[in-house]
Amino acid sequence: MVALGAAFAIAVLGLGSVLVSSLIDDEGSGPSAHRPTTTAGDTFAASTLEQQVTGLLTEAQGSKSPDGMGVQSEPGSKGPMVFQQPSVPSCVQKGIARSDAALATRTGTYQGKDALLVVLPDTSDSAKVTAYLMDATCVEQPSVGTAKVLLKDTYTRP
């Protein structure tokens with residue numbers, strides 16, 4: 001009886017190791033093996049970037065004054081409050097290779113890296129925007145040099 005139990009345990013372990021090894025081999029090949037992964041702590045993901053850009057632009061439009069001049073009185077104050085353009089660090093601007101003013105920016109993480117989302121008007125179509133997801137390591141570590149583009153896509157303006 002003990003020999004039969006031991007044989008059964010060995011068979012189960014052997015089958016389990018074959019299954020585990022085949023699963024590991026399957027993950028290491030094929031088109032999805034080289035697809036970038038998103039970590040649990042990431043702020044940005046390729047699959048949701050369009051919604052994030054739309055939300056960011058809608059939020060930015062809502063913070064401007066109704067007359068569109070970029071000036072609004074702060075509640076409880078006597079003077080006007082002037083809205084500033086989103087700031088883009090020079091190392092990121094060099095990586096984008098554009099110097100026009102950003103419509104919106106947001107910091108976060110992408111694939112475990114510090115990232116900066118920069119939304120600019122599309123150069124070929126005024127009804128669109130171009131979103132650049134940039135590696136923002138250069139902001140804290142200038143020795144890194146120019147920021148690298150992690151993801152770039154064009155979307156319709158909201």
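In the predicted model, the buried residues of helix H2 are Leu 49, Gln 52, Val 53, Leu 56, Leu 57 and Ala 60. These residues lie on the same side of H2, because the arc they cover around the axis is only 130°. An α-helix has 3.6 residues a turn, so residues three or four places apart point the same way. The opposite face, turned away from the buried side of H2, carries the exposed residues Gln 51, Gln 61 and Gly 62.

Helix H2 spans residues 49-62, a run of 14 residues. From its first C-alpha to its last, H2 reaches 20 Å, which is close to the 20 Å expected at 1.5 Å a residue.

One disulfide is present in the structure. It is formed by Cys 91 and Cys 138, whose sulfur atoms are 2.0 Å apart. The link between Cys 91 and Cys 138 is right-handed, with 75° about the S-S bond. The two cysteines belong to distant parts of the chain: Cys 91 is in helix H3 (residues 90-96) and Cys 138 is in helix H4 (residues 137-140), 47 residues apart.

Residues count as buried when their relative accessible area is under 20%. Cys 91 is therefore buried, as its relative accessible area is 11%. Cys 138 is likewise buried, because its relative accessible area is 3%.

Technical notes. Residues numbered from 1 in each chain as written. Predicted model: local features only at pLDDT ≥ 70, side-chain atom pairs only at ≥ 80, totals over all residues. Heavy atoms only, no water. Helix = DSSP H or I, 4+ residues; strand = E, 2+ residues; numbered from the N terminus. Expected span 1.5 Å × (residues − 1). Buried < 20%, exposed > 50% of the residue type's maximum accessible area, 1.4 Å probe, protein only. Arc of directions from axis to C-beta. Disulfide = S-S within 2.5 Å.
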